[in-house]
Amino acid sequence: AFANVMRTSTLQIRTAEGVVFSQQLAGPVTRFFAWIVDAVCITVLMFVVSLASVLLGFLSWNFAAAFNAIAYFVISIGYGILCEWSWRGQTVGKRLFRLRVVDVEGMRLQFNQIVTRNLLRFVDSLPVFYFIGGLVCWLSPKSQRLGDIAANTVVVRNPRVVEPDIDQLLTGKFNSLRAYPHLAARLRQNVSPAEAALAVQALVRRDEFDPVDRVELFAELAAHFRAKAEFPAEATDGIADEQYVRNVVDVIYRPRTEARPEPAAALR
């Protein structure tokens with residue numbers, strides 16, 4: 001996959017199948033507000049730790065001071081690493097402002113990337129209030145601070161996805177993918193909200209496309225989603241690409257209505 005950033009502050013990611021996804025980059029102002037929330041969270045944690053250091057102060061003030069210094073480093077760095085790894089690129093502040101850290105090329109965010117961008121926070125925060133990081137972010141075409149550049153990451157907006165009226169969009173045809181609930185669960189896990197939304201938009205606007213373009217579009221989408229989770233041949237053979245995309249959308253947006261495995265005759 002490769003990525004391209006336009007002047008409209010939009011990150012465009014094109015997959016190997018030729019499917020293009022767009023994500024809006026988060027600007028330095030919104031990121032600064034998210035950092036303020038995270039700074040408050042870190043301050044609260046440090047306050048709790050400082051209460052413990054008071055007890056250590058009765059034994060040795062030097063030991064208590066060293067304990068506070070080490071605790072501040074561990075909490076300020078570990079907070080971002082733990083949150084972004086557990087919440088897939090989000091901290092408390094980023095969740096509040098609907099931001100997310102992602103790989104700049106659309107790949108899965110790796111643990112070493114999270115560690116790198118958080119270790120460089122001390123450089124970005126110099127001299128005060130993230131002046132260096134904010135300046136670099138403002139001048140960067142991808143709105144990246146130094147930590148993002150080193151880790152090859154960007155921060156994007158994570159807009160609220162409005163669930164479409166699936167009952168009107170999908171037909172009542174049998175969905176063979178539901179006969180394999182473990183693979184359906186893997187598909188939901190591997191498909192991002194942006195990918196699912198793109199498939200929905202393709203189905204909603206299918207009648208607006210030229211017939212040839214419509215066939216090519218759904219062929220690319222079907223190939224993309226088949227790579228996300230490989231179903232047995234009996235579940236996919238004889239299914240048109242457009243119907244396969246419908247089945248994928250049905251599985252993603254209606255996970256609580258998993259059907260029991262159908263007999264082999266129904267699959268055929």
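Predicted model: local features only at pLDDT ≥ 70, side-chain atom pairs only at ≥ 80, totals over all residues.
Is Arg-214 buried, exposed or partly exposed, and what is its relative accessible area? Arg-214 has a relative accessible area of 25%, and it therefore counts as partly exposed. Good morning, colleagues.

Asp-207 is exposed, because its relative accessibility is 63%.

I turn next to a second salt bridge, formed between the side chains of Arg-226 and Asp-241, with an N to O distance of 3.4 Å. This pair links distant parts of the chain: Arg-226 belongs to helix H11, Asp-241 belongs to helix H13 (residues 241-253), and the two are 15 residues apart. Arg-226 is partly exposed at 30% relative accessibility, and Asp-241 is likewise partly exposed at 27%.

Helix H13 also holds the pair Glu-242 and Arg-246. Their salt bridge has its closest N and O atoms 3.7 Å apart. Why are these two residues separated by about one helical turn? The reason is that they lie four residues apart in helix H13. Glu-242 counts as buried, because its relative accessibility of 18% is under the 20% limit. Arg-246 is buried too, with a relative accessible area of 8%.

Beyond such pairs, there is a network: Arg-31, Glu-84, Lys-94, Arg-117, Arg-121 and Asp-148 are joined by salt bridges that share partners. Across the whole structure, the search finds 15 salt bridges.

One member of that network, Arg-31, brings us to helix H1, where Arg-31 is buried. Other buried residues of H1 include Thr-30, Ala-34, Asp-38, Ile-42 and Met-46. Further along, Val-49, Ser-53 and Gly-57 are buried as well. Helix H1 covers residues 28-57, which is 30 residues. At 1.5 Å a residue, it should span 44 Å, and its end C-alpha atoms are 40 Å apart, so the two values agree.

Finally, I should like to point out a feature of the surface. Which residues form the negative surface patch? They are Asp-210, Asp-213, Glu-216 and Glu-220. Asp-210 sits in the loop between helix H10 (193-204) and helix H11 (211-228). With 42% relative accessibility, Asp-210 is classed as partly exposed.

Thank you for your attention.

Methods:
Residues numbered from 1 in each chain as written. Heavy atoms only, no water. Patch = residues over 30% accessible without salt bridge, like charges linked within 9 Å, V, L, I, M, F, W, Y side chains within 5 Å. Areas by Shrake-Rupley, 256 points an atom, 1.4 Å probe, with all protein chains shown as cover. Salt bridge = Lys/Arg side-chain N within 4 Å of Asp/Glu carboxyl O. Lys, Arg positive; Asp, Glu negative; His and termini not counted. Charge placed at Lys NZ, Arg CZ, Asp CG, Glu CD. Buried < 20%, exposed > 50% of the residue type's maximum accessible area, 1.4 Å probe, protein only. Expected span 1.5 Å × (residues − 1).
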